[in-house]
Amino acid sequence: MENLPESLFPESTLISSPSLCNISSSHVDMQQNSHDLDGLTPNQLVVLLLDSNLRGDVMYQLIKMRDTCEYLAPLLWNTFNAVYMLLLEVISVYWKLSPPTLSMKESTRVCNALALFQVMAKNPETRKELIEAKIPCYFYPFLKPSGDDKPLEYLRLTSLGVLGALAKFDDPYGPKVLHFFLETKVVPSCLECMDLCDELSGKVATLIVMKILMQEKGMSYCCATPERFFSIVQVLYRVVEKLTEKPCLLHLMYVIQCLLSLSEIQKVIGPSEAFIRQVHPKLFDNTFKDILRDDHETAWMLQVLHFNVYGRLSPPE
């Protein structure tokens with residue numbers, strides 16, 4: 001990745017800490033038996049992230065605590081070198097991305113590190129710190145489509161999960177998160193995932209784009225040029241085509257909301273034949289009738305979209 005530092009922290013930071021020096025001597029017995037980790041507190045476990053021999057098991061134990069330990073996010077961020085050790089896990093597999101040579105075991109280990117970043121992304125305090133330190137940039141290499149390579153697909157999905165957790169634009173720090181997303185070109189990466197990746201990654205990527213389009217600044221970015229606007233509309237067309245073969249109500253709702261946001265611009269500037277052609281007609285026939293039957297809110301959103309596109313509500317069945 002360009003513009004990223006060669007070293008995450010100054011070397012002096014790593015060699016001057018007494019905590020790091022004590023890891024190998026204080027936990028020799030524990031290295032022999034990873035089951036000893038089961039009884040440790042979060043505070044004890046986070047310190048052990050500095051031990052490369054224990055780190056994989058420690059990450060797994062910490063992930064099991066993410067729903068019960070309310071202070072896990074600030075603990076991870078504020079513990080000396082804990083974030084650095086998690087980033088080491090992330091960047092250690094860059095060289096295996098192209099050509100893809102990542103094993104499932106290696107992918108699982110990095111996914112565990114990413115899951116701990118997701119814990120920090122969900123916390124308002126540490127979400128701000130992640131953005132200010134530009135930590136998500138280290139996850140962007142995992143967003144590139146890679147065909148049917150399952151280990152990379154799991155990395156991609158987990159990375160998108162971190163970005164999705166960060167995408168809370170309605171909280172006090174939300175505008176800065178949105179600015180960071182737009183500045184670092186998250187939208188084009190998500191569009192690639194929507195277009196070329198599997199169903200789960202595509203769904204999470206669509207959710208992120210939907211949240212961006214629901215913000216005024218996000219809409220301004222996406223509609224800044226005709227090329228940018230229609231690249232989004234065209235990808236949404238292809239997503240609808242895939243959903244006709246394998247319907248998913250939640251994914252369909254995200255797509256409709258994206259198109260609804262984009263159609264508001266068309267309503268302001270006037271009808272556009274090019275836009276009308278890029279809104280998939282199968283949204284308005286009976287293709288999705290069955291999955292929309294009990295979801296009145298999404299069905300109504302579809303009616304509003306039809307009105308914005310064609311200037312009239314769709315006829316009753």
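Me: On what basis are the residues numbered and the values computed?
Reply: This is a predicted model, in which local features need pLDDT of at least 70 and side-chain atom pairs count only at pLDDT 80 or more, while totals for chains, interfaces and linings use all residues. Side-chain values use heavy atoms, with hydrogens and water left out, and residues are numbered from 1 along each chain as its sequence is written.

Me: How many helices and how many strands are there in the chain?
Reply: Helices (H or I, at least four residues) and strands (E, at least two) are taken as DSSP runs and numbered from the N terminus. On that basis the chain has 0 strands, and its helices number 19.

Me: What percentage of the residues in the chain is buried?
Reply: Buried means under 20% relative accessible area, exposed means over 50%, and partly exposed lies in between, with a 1.4 Å probe and protein chains only. For the 317 residues in the chain, the buried share is 51%.

Me: What share of the contacts with a separation of 6 or more comes from residues 24 or more positions apart?
Reply: A contact here means heavy atoms within 4.5 Å. Among contacts in the chain with a separation of 6 or more, the share from residues 24 or more positions apart is 71%.

Me: Which residues does Phe 181 contact, leaving aside neighbours within four places in sequence?
Reply: Phe 181 is one of the buried residues of H11, together with Gly 174, Val 177, Leu 178, Phe 180 and Leu 182. The cover over the buried residues of H11 includes H9, H10 (150-166), H12, H13 and H14 (216-222). Leaving aside neighbours within four places in sequence, the contacts of Phe 181 are Leu 163, Leu 166, Ala 167, Phe 169, Val 186, Ile 208 and Ile 212.

Me: Is Lys 185, with its positive phi, buried or exposed?
Reply: Lys 185 lies in the loop between H11 (174-183) and H12, and it has a positive phi of about 60 degrees although it is not a glycine. Its relative accessibility is 52%, so Lys 185 counts as exposed.

Me: Is Asn 81 buried or exposed?
Reply: Asn 81 is found in the loop between H6 (72-78) and H7, and its phi is near 65 degrees, a positive value in a residue other than glycine. Because its relative accessible area is 7%, Asn 81 is buried.

Me: At what angle do H12 and H13 pack, and which hand does their crossing have?
Reply: Helix H12 (residues 186-196) and helix H13 (residues 199-213) have their axes 8 Å apart and pack at an angle of about 145 degrees, where axes are lines fitted to C-alpha atoms, for helices over the stretch in contact, and angles run from 0 to 180 degrees between N-to-C directions. A crossing is left-handed if the near helix is turned anticlockwise from the far one by less than a right angle, and right-handed if clockwise. The crossing of H12 and H13 is left-handed.

Me: How many residues of the contact of H12 with H13 are nonpolar?
Reply: H12 contributes Val 186, Val 187, Cys 190, Cys 193 and Met 194, and H13 contributes Gly 202, Ala 205, Thr 206, Ile 208, Val 209 and Ile 212. Ala, Val, Leu, Ile, Met, Phe, Trp, Tyr, Cys and Pro count as nonpolar, Asp, Glu, Lys and Arg as charged, and the others, Gly among them, as polar. The contact therefore has no charged residues, 2 polar ones, and a nonpolar count of 9.

Me: With which side chain does that of Gln 61 make a polar contact?
Reply: Gln 61 is in helix H5 (residues 55-64), and at 8% relative accessibility it counts as buried. A polar contact is a pair of N or O atoms within 3.5 Å; within protein, one must be able to donate a hydrogen and the other to accept it, and residues adjacent in sequence count only if both atoms are side-chain atoms. At 2.8 Å, the partner of the Gln 61 side chain is the side chain of Asp 38.
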